Amino acid sequence: DIHEAPREILRAIPGLTFKDVDHVTQWSYCSGAGGGLAIERPDLTAEISRRRIEKAKELEIDTLVSACVWSERPLTEQGKEQDVEVMDLFELLAESLGYEV
């Protein structure tokens with residue numbers, strides 16, 4: 001399943017403690033940036049991303065990993081406000097393999 005593949009990558013990274021924020025089985029949660037929403041309704045995108053980061057913070061997650069290129073910007077902006085780092089899945093994977101990102 002597509003939703004499981006990124007989780008398998010995260011679980012395979014040595015030293016990383018994986019916590020599934022979304023508990024996704026079929027549908028994933030959006031950051032609010034997809035489909036042009038960030039352009040039309042930046043306030044709504046910011047609120048959706050704020051809630052995603054808030055949920056991560058409640059679970060004591062210090063780094064939220066996203067596999068969506070549209071999500072990184074709004075999640076990062078909200079993460080800075082709530083002291084949660086946001087990383088792209090492939091960026092994290094590259095770092096775990098010793099590449100400078």
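This is a predicted model: local features need pLDDT of at least 70, side-chain atom pairs count only at pLDDT 80 or more; totals for chains, interfaces and linings use all residues.
Helices here are DSSP runs of H or I with at least four residues, strands are runs of E with at least two, and both are numbered from the N terminus. Residues are numbered from 1 along each chain as its sequence is written, and side-chain values use heavy atoms, with hydrogens and water left out.

So, is Gln 78 buried or exposed? Gln 78 counts as buried, because its relative accessibility is 9%; buried means under 20% relative accessible area, with a 1.4 Å probe and protein chains only. Leaving aside neighbours within four places in sequence, Gln 78 is in contact (heavy atoms within 4.5 Å) with Ala 46, Ser 49, Arg 50 and Ile 53.

Those partners bring us to helix H3. Residues of H3, including Ala 46, Ser 49, Arg 50 and Ile 53, meet residues of H4, among them Leu 75, Gln 78 and Gly 79.

Now to our other helix, H5, at residues 89-96. Which residues are buried in H5? They are Leu 89, Leu 92 and Ala 94. What covers them includes helix H1 (4-12), strand E1 (63-66) and strand E2 (85-88).

At the N-terminal end of H5, Asp 88 is the cap, with a side-chain oxygen 2.9 Å from the backbone nitrogen of Phe 90. After H5 comes Gly 98, with a positive phi near 95 degrees.

Terms used. Buried means under 20% relative accessible area, exposed over 50%, partly exposed in between (1.4 Å probe, protein chains only). A polar contact is a pair of N or O atoms within 3.5 Å; within protein, one must be able to donate a hydrogen and the other to accept it, and residues adjacent in sequence count only if both atoms are side-chain atoms.
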